[in-house]
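Dear colleague,

Please find below the structure that I am handing over to you. My notes on its aromatic side chains follow.

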Amino acid sequence: MAAPPAKATWSGVVTYVVDGDTVRVRPPGGGKPVSIRVDGIDAPEICQAFGPASRDALMRRVLGKRVKVLGKRHDDYGRLLARIELNGEDTGQWMVARGLAWSYRFRSSPGPYAAQQRRARAAGLGLFSPAQGAPVYPAQFRKQHGSCHPK
């Protein structure tokens, strides 16, 4: 069976969590799991401070569970950019509200979860904890250190 179209809404089981903003979901009817980039968030790189903690939290939250996928489009890496819901709750919003990821900024937009990010930062949650030191946005980390993945 072919993967669902990009702009489709469907449900499937999370089979793998790559990092704090990328999962693989087996589509309805089986077949190869679809690589999904959670829309609206940017989690720390896996080799970056707090990256493993972000991934592990997402893993505990969704791995092996049936989620609703609200597809938008494919990104430059071929991943489906989609909102993911678990029992009706937006997983991206859940991640940002707990300080596990940033609201994805684009140009002058603070992203869809800016309010949740402000509250997490004010409360010192997750990557905003004083114990973590000053958090480095993933794009800035990649610019300074390159990709975590060897070429």
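Trp102 and Phe128 are both buried, a term that stands for under 20% relative accessible area, with exposed meaning over 50% and partly exposed lying in between (1.4 Å probe, protein chains only). Trp102 counts as buried because its relative accessibility is 4%, and Tyr137 counts as buried because its value is 9%.

The model is predicted, so local features need pLDDT of at least 70 and side-chain atom pairs count only at pLDDT 80 or more, while totals for chains, interfaces and linings use all residues. Residues are numbered from 1 along each chain as its sequence is written, and side-chain values use heavy atoms, with hydrogens and water left out.

Rings of Phe, Tyr and Trp (its six-membered ring) pair if their centres lie within 6.5 Å; planes under 30 degrees apart count as stacked, over 60 as edge-to-face and the rest as tilted. The count by this rule is 2 aromatic pairs. The ring centres of Trp102 and Phe128 are 6.4 Å apart with planes at 85 degrees, so this pair is edge-to-face. For Trp102 and Tyr137, the centres are 5.3 Å apart and the planes at 70 degrees, so that pair is edge-to-face. Trp102, Phe128 and Tyr137 form one aromatic cluster.

Finally, the charged end of Arg105 sits over the ring of Tyr137, 3.8 Å from its centre; this requires NZ of Lys or CZ of Arg within 6 Å of the ring centre and within 35 degrees of the ring normal.
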